[in-house]
Amino acid sequence: MKLLALLMRESRVAVLLVVFFGLVSGAASGALLWLINGVLTHSTPPGFPVVPGFVACGLVALLARIASQFLLGRVQFGAVFALRARLCRQLLGIPLRHLEEMGTHRLTAMLVDDIRALSDCLGVLPFILVSLAIGAGCLVVLAGLSWPLFLVMSGFLAFGVLSYWLPSAWARKLLFHARDRQDSLFKHLRGLIEGIKELKLHPGRREAFLTECLEPSARDVKRLSTRSHQLYSASGSWGLFLYFAFIGLLLFVLPRFQELDSRVLVGYVLTILYLQEPLNLVLSNLRFLGQGNVALRKLQLLPELDPGAEPTAPLEPEPRGFTRLELVGVTHTYYREQEDTPFTLGPIHLTLRPGELVFLVGGNGSGKTTLAKLLTGLYLPEDGEILLDGVPVVTGAQRARYRQLFSTVFSDFYLFESLLGLARTRSREQVQGYLSRLQLDHKVRISEDGVLSTTALSQGQRKRLALLVAYLEDRPVYVFDEWAADQDPTFRNIFYRELLPDLKRKGKAVLVITHDDRYFPVADRLLHLMSGRLVQPVESSASAPA
Ligand SMILES: Nc1ncnc2c1ncn2[C@@H]1O[C@H](COP(=O)(O)OP(=O)(O)OP(=O)(O)O)[C@@H](O)[C@H]1O
């Protein structure tokens with residue numbers, strides 16, 4: 001039912017048309033059958049235009065079938081497109097921490113595998129519906145031909161449905177398990193692609209990775225999918241066997257006990273033969289319905305986009321400035337399975353003002369990046385609050401607006417291949433000026449519409465491009481997470497001695513996560529994190545905010 005609701009939500013009119021034309025085609029085929037039956041049993045009403053009727057029904061059946069199939073393509077791929085687009089927007093609205101907990105591999109499996117399974121399923125769903133409707137119509141015809149025979153057939157049908165349902169429910173369960181294993185297969189595939197250098201350089205590690213990680217997951221997926229497929233196939237074949245068994249019963253067994261009217265018998269056999277195609281269609285495609293159901297369940301693990309959560313639609317103009325930004329007692333804890341002592345950052349008390357250059361220092365794992373994520377609104381504080389000019393940032397809309405105060409270059413930044421709209425709002429001279437200031441003008445060109453000529457650069461150069469994007473964003477607060485770590489000494493010097501002071505002069509608040517202690521004197525303030533807590537030199541405290 002959920003699948004049907006999904007299909008209807010994405011393209012209600014087209015779905016109804018597919019079903020309508022399917023039914024018209026089925027009805028025309030039924031009328032053909034009635035004509036054939038009439039001719040064979042000489043029961044056609046006198047003067048009935050048999051030949052024109054035959055041609056007309058044949059044509060209607062053909063054209064309606066073509067229309068139904070044609071529309072189905074639109075419905076299927078249209079629904080998949082709409083679903084994928086909605087899912088991507090939904091993902092952007094989900095809190096970052098939730099996405100991190102799910103992991104890239106699960107998200108990829110959803111966007112790739114589950115959408116494909118849903119596409120296959122939505123492609124057969126209308127035909128299954130039409131086939132079921134035709135089947136119901138045939139049952140009415142059969143009930144009209146002979147009640148006693150209909151009762152015998154109903155018993156047979158009930159037995160058939162039950163004996164089909166049990167193994168197919170088991171097959172569906174196997175599909176669920178296969179899909180779960182698919183998640184870990186995607187995790188290992190990601191390891192294969194991202195760890196390819198390490199794997200290539202070390203045959204022992206490569207072999208262990210293949211035999212202990214990747215192949216077992218792949219084998220599990222294969223085993224469970226094969227079993228499920230076999231069960232579905234066996235159930236389908238069993239269904240067809242019952243179908244022919246009933247025809248045998250009708251022709252060879254029942255006449256021994258009771259004489260049957262030959263017209264009733266021919267009518268029954270023809271109608272049942274006519275049922276073969278829809279029955280076949282349903283039996284051979286229920287597997288796709290099973291896969292679609294599994295995929296839908298997985299996709300429903302994503303939290304529904306709560307309009308109050310994190311709006312993804314374009315917002316009002318970005319905030320151009322602020323006078324005081326405060327974190328008051330904010331905390332964040334990473335809870336992880338198999339870990340007894342979760343890492344907690346905070347409570348953090350911190351104030352940031354325009355024109356301040358603040359360095360955030362501390363050992364590895366002390367919580368610097370986590371603090372940057374909290375400050376920029378990417379993580380929600382579990383305790384405490386964030387105040388912007390004294391106003392708490394609480395609602396989804398406030399958070400979305402608040403996040404637009406920040407330009408960031410995180411250490412795991414992503415460099416898009418184009419400036420994505422920024423080129424339209426900045427002059428060419430400005431873009432070119434930043435390119436040469438970052439000493440990239442000899443390496444990278446940026447087209448009128450903001451497409452970068454290349455992103456295949458060294459890590460240090462890619463970071464400079466990310467900085468260029470941050471410059472073009474021109475927002476009130478800059479956050480750099482170990483930006484200088486990949487720069488050569490000359491450019492590192494330029495970063496600390498020229499670029500950062502320039503930003504400060506422009507009135508930007510700048511938070512720099514760094515380990516470069518020789519440049520600490522450049523900062524207005526040093527914040528020192530140790531095991532998730534701010535320690536001396538103390539920037540501020542709850543009692544005496546800076
Ligand atoms: N995605 C995550 N899931 C669970 N725990 C995490 C995650 N990211 C970080 N942590 C934990 O939080 C702690 C702080 O991590 P964080 O990245 O904030 O440290 P950091 O000070 O930036 O370290 P580094 O200097 O090495 O970049 C780490 O000890 C780590 O165990």
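**From a surface patch to a sheet**

At 34% relative accessibility, I36 counts as partly exposed, because that class lies between buried (under 20% relative accessible area) and exposed (over 50%), with a 1.4 Å probe and protein chains only. The model is predicted: local features need pLDDT of at least 70 and side-chain atom pairs pLDDT 80 or more, while totals for chains, interfaces and linings use all residues. Residues are numbered from 1 along each chain as its sequence is written, and side-chain values use heavy atoms, without hydrogens and water.

Helix 1 (2-41) and helix 2 (50-93) each supply at least two of the patch residues, and helix 2 gives the largest share, seven residues.

Six strands make up an open, mixed sheet in the order 6-7-8-3-9-10; strands (E, at least two residues) and helices (H or I, at least four) are DSSP runs numbered from the N terminus. Strand 6 (406-409) and strand 10 (533-535) are the edges, each pairing on one side only, where pairing requires at least two DSSP bridges. Strand 10 pairs with strand 9 (residues 525-530) in the antiparallel sense over three bridges, and L529 has L534 as its bridge partner in strand 10. Helix 14 (residues 489-505) packs on the sheet, touching strand 3 (357-362), strand 7 (477-481) and strand 8 (509-513), with contact meaning heavy atoms within 4.5 Å.

How values were computed
Axes fitted to C-alpha atoms, helices over the stretch in contact; angles between N-to-C directions.
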